[in-house]
Amino acid sequence: MKRRGFTLIELLVVIAVIAILIALLLPAVQQAREAARRTQCRNNLKQLGLALHNYHDVYRCLSPGTGGTRSTVGPGTNEGHLSGVVMLLPYLDQAALWNRIADAPGQGGHPGRVTFPHPDSDISVLLCPSSPTPQRLVTATDDWGPSRSYLVSLGDETRDYFDATTAPPTPLRLRGAFTYLATFRFRDFRDGTSNTVLMAEREHGATGSSQAIRGRIVWPIFGVDVNPSACLATVSNGEYNVTGIPVRRMGFSWAGGWSNINWVTTILPPNGPSCGLTSPAWFGVMSASSLHIGGAQILLSDGSVRFVSENIDTGDLTLPPVVKGPSPYGVWGALGSKSGGEALGEY
């Protein structure tokens, strides 16, 4: 009689074939999922661009990079603390949340307190689906709210917001698309709206050394005349090569307007390190970053979204930032300045 069934060798061959097929299919599935996440991230930036244009149509200016209002009910003011992204809520289908903030005493007060009208859950349009959402920072007195993946552009700047030579200090009109306690109009973008960055991705800084370079900022390290090449030198094999320096996340507060959680600079390339200054505090090189392979997505002032390679031309990183004229930081720096007079090529 003939025996029916597989031999051990035949069974092992079948298992090996199945394992090989799975090994071939899994990367393709993962790539398809990442492509979908990247598309959703792109759509989020497009929605933010549309919101900014609608805001500009109504108020004849962009929202401030950092704004807020004085409080008449106590010391918990949000003046100089509130991100201009909060003011876009009515144009992001979040009118109910905006009304809660606008109707609260002192427009909600300090955006890092438990008394601020934070949403109960994440705001999906402010989060890149490729980036793991970090744990919300809440204590008995503080609540920083959900995180945010998209930060406004300070351009190729590392200066303080204020001119300290005046009494009282006055806000500076910086080179990027946004500034502090002041606003710009699209007519100020003399380099062209298709050549100026409005917002860029910033990875939150999930735990794990492999992502330490992408989502964290290190400060203090340098003096006022920060040299971008010195910041770049703090990285070794994709990790910060410093000791005794506090490492902190960026973008951990959706409503916060502070420079280290609200702004990106176009100095070091996407996925480059971020380094703070000793004076003035909270300022420095704050690089765009993402978990998309090879770079990060940016929102241009004309409402278009582009993917910028981490190998984009950054010019001469040994030079300090400039106040006027062409950016010393190549194509990437030129994309950050709204009126530097640079002629951009392909990127």
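Two strands count as paired when DSSP finds at least two bridges between them. Keep that in mind for the first stop on this tour of a predicted model.

Stop 1: Select residues 295-300, strand S14, together with residues 305-309, strand S15. The two run antiparallel and are joined by 5 bridges. Now pick out Ile-298: its opposite number in S15 is Arg-306. Between the strands lie 4 residues, and Gly-303 in this hairpin has a positive phi near 95°.

**Stop 2: aromatic pairs.** How many aromatic pairs does a search of the whole structure find? There are 4. Start with Trp-144 and Trp-258, an edge-to-face pair with 5.5 Å from centre to centre and 75° between the planes. This pair links distant parts of the chain, 114 residues apart: Trp-144 is in the loop between helix H2 and strand S3, while Trp-258 is in the loop between strand S10 and helix H5. Are these two buried or exposed? Both Trp-144 and Trp-258 are buried.

Next, show Phe-186 and Phe-189. Their planes meet at 65° with the ring centres 5.6 Å apart, so this pair is edge-to-face. Phe-186 counts as buried because its relative accessibility is 15%, under the 20% cut-off. Phe-189 is buried as well, at 5%.

For a cluster, select Tyr-55, Tyr-59 and Tyr-91, which are linked by ring pairs.

**Last stop: a lysine over a ring.** Select Phe-184 and Lys-338. The charged end of Lys-338 sits over the Phe-184 ring, 3.8 Å from its centre.

How values were computed:
Residues are numbered from 1 along each chain as its sequence is written. This is a predicted model: local features need pLDDT of at least 70, side-chain atom pairs count only at pLDDT 80 or more; totals for chains, interfaces and linings use all residues. Side-chain values use heavy atoms; hydrogens and water are left out. Rings of Phe, Tyr and Trp (its six-membered ring) pair if their centres lie within 6.5 Å; planes under 30 degrees apart count as stacked, over 60 as edge-to-face and the rest as tilted. Buried means under 20% relative accessible area, exposed over 50%, partly exposed in between (1.4 Å probe, protein chains only). A charge sits over a ring if NZ of Lys or CZ of Arg is within 6 Å of the ring centre and within 35 degrees of the ring normal.
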